[in-house]
Amino acid sequence: MTLAADPRTVFTHVQPAPKPRRQPANPTSRSVPSGTLLISTITLLALLALWFAATQLGWASPLFLPSPAEVLTQFQAVAVDGYADGTLLQHTLSSLGRILVALGVGVVLGVPIGLLMGLNRWVRGTLSVPIGLYWGLPPLAYLPLLIIWLGIGESSKIVLLSLSTFAPICFSAQAGVRSVPAERVNAALSLGATRLQLFTNIILPSALPEILTGLRIAVAAGLSCLVAAELIAARSGLGYMIMSAANFLSTDVVFVGLILIAALAFLFATGMRWLERKLVPWKGKI
Amino acid sequence: MLQIRDASVTFPASDGSAVHALDHVSLDIAPDSIVVAVGASGCGKSTLLNAIAGFLPLTAGSITLDGEEIDRPGGDRGVVFQKDTLLPWASVVDNVALGLKFAGVSKTARRERARELLDLVGLADFADKPPYELSGGMRQRVGLARALATDPKILLMDEPFGALDSLTRETMQQLLASVWARTGKQVLFITHSIEEALTLGTTVVVMSPRPGRIVARFEASFVREFAETGDIGPILSDPRFIELREEIRALIHRPAGKGTLQ
């Protein structure tokens, strides 16, 4: 075999191009369900059926376990007439508003501070102690302190939630910077990158998958803090509604609240997955 | 012209003693030459390359490129790594254009130049793919194109084909030989394969570990033939090739009396 000095002739023969991975072709991969959607749907329906059967057959008193029909009726009633000084929509929006503000604060403060901690030994050494100390505490343990300082209004809850979202975002941004492969940094430097170019072109995008993981944790931490804080000290929100209903043994309203919180959590999880697909499609592929 | 004068690199070992990774190494790399450093693991060949790239400071000695002292990484030395260092969020063409982006070249101009280089390495059809959809050999070709894009004075290649299967590796060697023949770049190439060293080098330096130093130096010209014919078969069976190969093998696997193979 004699190959010309033109390298193009060299390769085209030797290496067949691999098939692009994202080909919608291959009908078998489509027809064989690889996901778990169907199984999950069946499980959900089975749970609903079990709930229905339990209440129909009188396994549990309606005081402890209201029937699906009752919950649905109550859902409509709360949605239209309201419960505990607010309609369902108002309670939901109040909870949603708190968590979105807290996530906003967590991202706006947590990402830059975490990046700085990853880049600079002094910032890391200084800040990791106080953040690590409070992050180790159960948020509800210092909620009373926040109420003493800030009163029972919105600010104490917003601060509590922001603290619970800030730490995971901050630490993940730091970990993201620390996990950038040294070879990737060296490669950029040998291509003539300045320090600023290195940060914007290499370090920031390299840290993005970790930051999104931190955001996921922040969403979970924020949701659990949100409801707990509303149970203790609030005049609106889904947690407050549940607590009020529990005081009057309105189990059906408690169920309405729980279902809505579950729906919120599901919405956030789906949103996070969408964000990851959008922002870091390469995650797990290298 | 790259000049290395009495370069030494010493690390502190975990037991407190000093490891002489590089011990008084002197070497010139002239334009239009491929210098291949070959040796067993720990002989300092990668340390040498990292020092030239500017990733690692010298403990003593000096390295100059066209008279300028090297003390940090820079765009005048293009590096091709063994590990894949492409950016997964950027398309292949934008990966190749990265150095030009750092240099402030406009988007259209740098993409045009990057496409020319992708054409040179035979990947024109893959310009818009993300790098993780490419095979290992293709990614190394992108890495080579990326290093060439900024038109560096010297190419530093750190076992770039070490992780590839033998067929792909041969293809990559052909590519490098022909790219070198066309561009006339000076190249420092690190490998642990004696055959690769002889196939690609105009100069082959043999290194030995503890302390890392150059123990022998051979001139070869098989790469010119290789670049012209693209056929490695006749070279591998050339009596001169075999003779040199055995000589280098003997140097690397020195008798245990020297204490190097323990």
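This is a walk through a predicted model, from its chains down to single residues.

Start with chain A. Chain A has twelve helices and zero strands. Of its 286 residues, 39% count as buried. Chain A exposes about 16000 Å², and carbon and sulfur atoms supply 71% of that area. Take the contacts in chain A with a separation of 6 or more: residues 24 or more positions apart account for 71% of them.

Now chain B. Its secondary structure comes to ten helices and ten strands. The radius of gyration of chain B is 19 Å, close to the 18 Å that the globule rule gives for 262 residues, so chain B is as compact as a globular protein of that length. Its C-alpha trace spans about 60 × 45 × 35 Å along the principal axes. Buried residues make up 55% of the 262 residues. Among contacts in chain B with a separation of 6 or more, 66% come from residues 24 or more positions apart. Chain B carries 28 positive and 33 negative charges, and their mean positions are 4 Å apart.

Where do the two chains come together? One place to look is helix H9 of chain A, residues 182-190. Its buried residues are A:Arg184, A:Ala187, A:Ala188 and A:Ser190. Seen down the axis of H9(A), these residues fall within an arc of 165 degrees, so they line one face of the helix. They pack against helix H10 (195-232) of chain A. They also pack against strand S6 (77-80), helix H3 (98-102) and helix H5 (136-149) of chain B. After H9(A) comes A:Gly192, with a positive phi near 90 degrees.

Helix H11 of chain A, residues 238-247, is mostly covered. Seven of its ten residues are buried: A:Leu238, A:Gly239, A:Tyr240, A:Met241, A:Ile242, A:Ser244 and A:Ala245. The buried residues pack against helix H4 (68-81), helix H5 (88-119), H10 and helix H12 (251-279) of chain A. A:Leu249 follows H11(A), and its phi is positive, near 55 degrees.

Next, some backbone details. Most residues other than glycine have a negative phi, and most peptide bonds are trans. The loop between H4 and H5 of chain A holds A:Ala84 and A:Asp85. Phi of A:Ala84 is positive, near 50 degrees. Phi of A:Asp85 is positive too, near 65 degrees. A:Asp85 has a relative accessible area of 72%, so it is exposed, the cut-off being over 50%.

In chain B, a cis peptide bond joins B:Arg210 and B:Pro211, with omega about -10 degrees. B:Pro211 lies in the loop between strand S9 (203-208) and strand S10 (213-219).

Finish with B:Glu159. This residue sits in the loop between strand S7 (154-158) and helix H6 (166-183) of chain B. B:Glu159 is buried, with a relative accessible area of 12%. Which residues is it in contact with, leaving aside neighbours within four places in sequence? They are B:Lys45, B:Gln82, B:Ile190, B:Thr191 and B:His192.

Terms used:
Residues numbered from 1 in each chain as written. Chains lettered and ligands numbered in written order. Predicted model: local features only at pLDDT ≥ 70, side-chain atom pairs only at ≥ 80, totals over all residues. Heavy atoms only, no water. Helix = DSSP H or I, 4+ residues; strand = E, 2+ residues; numbered from the N terminus. Rg over C-alpha atoms; globule rule 2.2 N^0.38 Å. Buried < 20%, exposed > 50% of the residue type's maximum accessible area, 1.4 Å probe, protein only. Contact = heavy atoms within 4.5 Å. Lys, Arg positive; Asp, Glu negative; His and termini not counted. Charge placed at Lys NZ, Arg CZ, Asp CG, Glu CD. Arc of directions from axis to C-beta. Areas by Shrake-Rupley, 256 points an atom, 1.4 Å probe, with all protein chains shown as cover.
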